[in-house]
Amino acid sequence: MAVISTPLNSSLRIVVTTGKDENGKFIFKNRSYNNLKTGAADEDVMSIANQLADIQEHPVHAIRRTVESELTEVTE
């Protein structure tokens, strides 16, 4: 069975560390940027994410990209 994956939506999330709780565990906050072009290259998204990371008040823990896709079966 062949399947076609069609990208529908893409978003960028920058996870920053804002401090520690009373138990010493890190507290994370998300900075989300929606409606990225689904065809944008990962290298380009990472370049923009690094530029955005440079202007964050808190240190960056992770940079994540989410792509939502629709899966369709190919019937012969």
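Does Asp42 count as buried or exposed? At 53% relative accessibility, Asp42 counts as exposed, where exposed means over 50% relative accessible area, buried under 20%, and partly exposed in between, with a 1.4 Å probe and protein chains only. This is a predicted model, in which local features need pLDDT of at least 70 and side-chain atom pairs count only at pLDDT 80 or more, while totals for chains, interfaces and linings use all residues. Residues are numbered from 1 along each chain as its sequence is written, and side-chain values use heavy atoms, leaving out hydrogens and water.

**View 1. The three-stranded open sheet**

Three strands make up an open sheet, with the order E2-E1-E3 and antiparallel pairing. Strands are DSSP runs of E with at least two residues, helices are runs of H or I with at least four, and both are numbered from the N terminus. Two strands pair if DSSP finds at least two bridges between them. The edges belong to strand E2 (26-33) and strand E3 (60-74), each of which pairs on one side only. From one strand to the next, the twist averages 30 degrees, an angle taken between N-to-C directions on a scale from 0 to 180 degrees, with axes fitted as lines to C-alpha atoms.

**View 2. Where E1 meets E3**

Strand E1 (residues 2-20) pairs with E3 in the antiparallel sense over 14 bridges. Ala2 has Val74 as its bridge partner in E3, and Thr6 has Glu70. In a regular strand, side chains alternate between the two faces of the sheet.

Look for Leu12, which stands opposite Tyr33 in E2, and for Ile14, whose bridge partner in E2 is Arg31. The hairpin of E1 and E2 has five residues between the strands, and here Gly24 takes a positive phi near 85 degrees.

**View 3. Ser11 and its surroundings**

Ser11 is found in strand E1. With a relative accessible area of 18%, Ser11 is buried. Which residues is Ser11 in contact with, leaving aside its neighbours within four places in sequence? They are Tyr33, Asn34, Leu36, Arg64, Arg65 and Thr66, where contact means heavy atoms within 4.5 Å.

How many salt bridges does the structure hold? It holds one, counting a side-chain nitrogen of Lys or Arg within 4 Å of a carboxyl oxygen of Asp or Glu. The side chains that meet are those of Asp42 and Arg65, at 2.7 Å from N to O. Distant parts of the chain are linked by this pair, with Asp42 in helix H1 and Arg65 in strand E3, 23 residues apart. Side chains of opposite charge can pair when their charged atoms come close. Arg65 is partly exposed, with a relative accessible area of 23%. For another distance to check, the C-alpha atoms of Asp42 and Lys29 are separated by 22 Å, although these residues are 13 apart along the chain.

**View 4. Val60 at E3**

Val60 has its place in strand E3 and counts as partly exposed at 33% relative accessibility. Val60 and Val15 lie 45 residues apart in sequence, yet their C-alpha atoms are 5.9 Å apart in space. Not counting residues up to four places away in sequence, Val60 touches Ile14, Val15, Val16 and Ala53.

**View 5. Asn35 and its positive phi**

Where is Asn35? Asn35 sits in the loop between E2 and helix H1 (42-54). Although Asn35 is not a glycine, it has a positive phi of about 65 degrees. Most residues other than glycine have a negative phi. Asn35 counts as exposed, at 65% relative accessibility.

**View 6. A nonpolar patch at the surface**

Met1, Val3 and Leu71 form a nonpolar surface patch with about 390 Å² of accessible area together. Such a patch joins nonpolar side chains (Val, Leu, Ile, Met, Phe, Trp, Tyr) within 5 Å, while like charges are joined within 9 Å, and its residues have over 30% relative accessible area and no salt bridge. Areas come from the Shrake-Rupley method with a 1.4 Å probe, and for residues only the protein chains shown count as cover. Met1 belongs to the segment before E1 and is exposed, with a relative accessible area of 81%.
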